[in-house]
Amino acid sequence: MERVQSTNLHAYILIAIALFLSLSRPSHATKQFNVLSFGAKPNGIVDSAPAFVKAWDAACGSTDAAVIYVPKGRYLVSPVRFNGVGCKSLNIVFRIDGTLVGSEDYMFLGKEANWLSFERVSGVSVIGGSLDPKGPSLWSCKASSSNNCPAGATTMSFVESSRIKVKGLLSLNSQMFHIVINRCRDVKLDDIQIVADGKSPNTDGIHVQLSTDVEIRNASIKTGDDCISIGPGTKNLWVERVTCGPGHGISIGSLGKDREEEGVQNVTVKKTVFVGTDNGLRIKSWANPTSGFVQRVRFLDSLMFNVKFPIIIDQHYCPHNINCPSQESGVRINDVIYQGIRGTSATKIAVNLDCSSKTPCTRIRMKDINLRYANETAQSSCVNVLGDSTLGNLVKPQACF
């Protein structure tokens with residue numbers, strides 16, 4: 001009997017200690033900040049940008065995790081900058097159930113470089129929502145050859161930021177780029193939809209530059225420029241399950257614009273689908289001397305449906321053939337693998353590798369390439385390319401190696 005009582009007493013003491021410790025731990029509450037409480041109007045008429053800034057400032061001032069909530073409705077929002085300097089909260093979520101819109105007057109957003117800009121933030125997530133800056137009015141201005149058209153605003157940009165997540169976002173009709181990742185680290189984009197007209201100018205879907213450890217997964221991108229563009233200084237980029245078209249494909253570059261330029265390395269593009277695009281998997285550089293380079297790139301398991309240039313390296317890139325540089329590209333392209341690329345080409349030359357005579361492409365390897373043109377095997381063209389015949393072959397190896 002005494003042993004049983006002693007055992008029970010010991011158990012009660014342990015329970016009391018556990019309860020005390022749980023109560024003494026700091027709470028990890030999440031505070032919610034509804035933009036309506038700060039004056040936002042879901043009518044698409046009143047500018048809600050000041051309310052969004054106030055909600056951001058309140059979330060930043062919280063020492064807890066914070067949620068900035070945007071209920072259903074349409075919110076007219078002028079260009080706004082979310083600055084993370086001095087933020088106390090280490091975890092801020094934008095939960096968007098509504099739609100953020102611009103104005104039919106393209107100058108409402110076009111006078112700024114960015115519409116929704118996150119600068120020097122950390123631990124920020126954007127979940128859900130639709131963004132519609134109403135880009136067609138600016139596209140029409142540019143199509144009219146008017147000299148009074150502004151360049152236009154990028155829809156959403158992240159600059160000098162880390163631990164970023166964007167999930168379930170719909171981006172419509174951007175004036176310029178839809179999403180830009182610049183000088184960032186640890187970024188995850190998932191379940192993204194991007195929609196713009198196939199002739200809309202400079203409306204790249206997702207642009208990454210000077211950033212490390214970026215993941216892009218499960219995206220559908222229909223736009224008038226590159227579906228994904230990969231700029232200088234990109235390192236450790238993973239792209240998987242992306243459907244592209246219309247658009248200009250997935251492009252590394254353009255590179256070589258500047259003499260001193262950071263390289264692109266450790267890029268994997270996997271399980272992608274291209275439908276009616278101008279290009280599929282592309283590397284492009286200007287014919288200039290430069291310190292830039294491309295290395296350790298893997299293009300794996302892609303389906304092509306009526307793509308003009310399914311596989312292309314263009315080291316004499318010069319859109320519209322205006323003021324083209326007359327030198328040879330100094331961008332060093334090395335260790336690129338194409339594997340499991342299949343489907344149909346809209347042109348007879350499905351693989352077109354045009355490399356620099358000054359810095360030929362090296363260790364270009366291909367395996368399991370099955371591209372057809374008009375019910376026959378497509379052809380390849382390779383200039384200044386050094387491969388490795390032991391690790392694979394081209395559509396027509398003799399044309400290249």
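What is the volume of the largest pocket? In this predicted model, the largest pocket has a volume of about 950 Å³. Here a pocket is an open set of points on a 1 Å grid over the protein atoms alone, with protein on both sides within 12 Å along at least five of seven lines, and lining residues have an atom within 4 Å of a point. The volume is the space filled by probe spheres set on the points, which are joined across faces, edges and corners. Of the 32 lining residues, Asp225, His248, Lys284, Tyr317 and Pro319 are the closest to the pocket's centre. Strands E16 (206-209), E20 (250-255), E22 (279-285) and E24 (309-314) each give two or more residues to the lining.

The protein as a whole has 4 helices and 30 strands, taken as DSSP runs of at least four residues for helices (H or I) and at least two for strands (E), numbered from the N terminus. Of its 401 residues, 48% count as buried, that is, under 20% relative accessible area with a 1.4 Å probe, protein chains only.

Beyond its neighbours within four places in sequence, leucine 189 is in contact (heavy atoms within 4.5 Å) with Val166, Ile179, Ile206, Glu215, Ile216 and Arg217.

Residues are numbered from 1 along each chain as its sequence is written, and side-chain values use heavy atoms, leaving out hydrogens and water. Local features need pLDDT of at least 70 and side-chain atom pairs count only at pLDDT 80 or more, while totals for chains, interfaces and linings use all residues.

Methods. Buried < 20%, exposed > 50% of the residue type's maximum accessible area, 1.4 Å probe, protein only. 1 Å grid on protein atoms, 1.4 Å probe; cavity = no way out; pocket = protein on both sides within 12 Å on 5 of 7 lines; lining within 4 Å.
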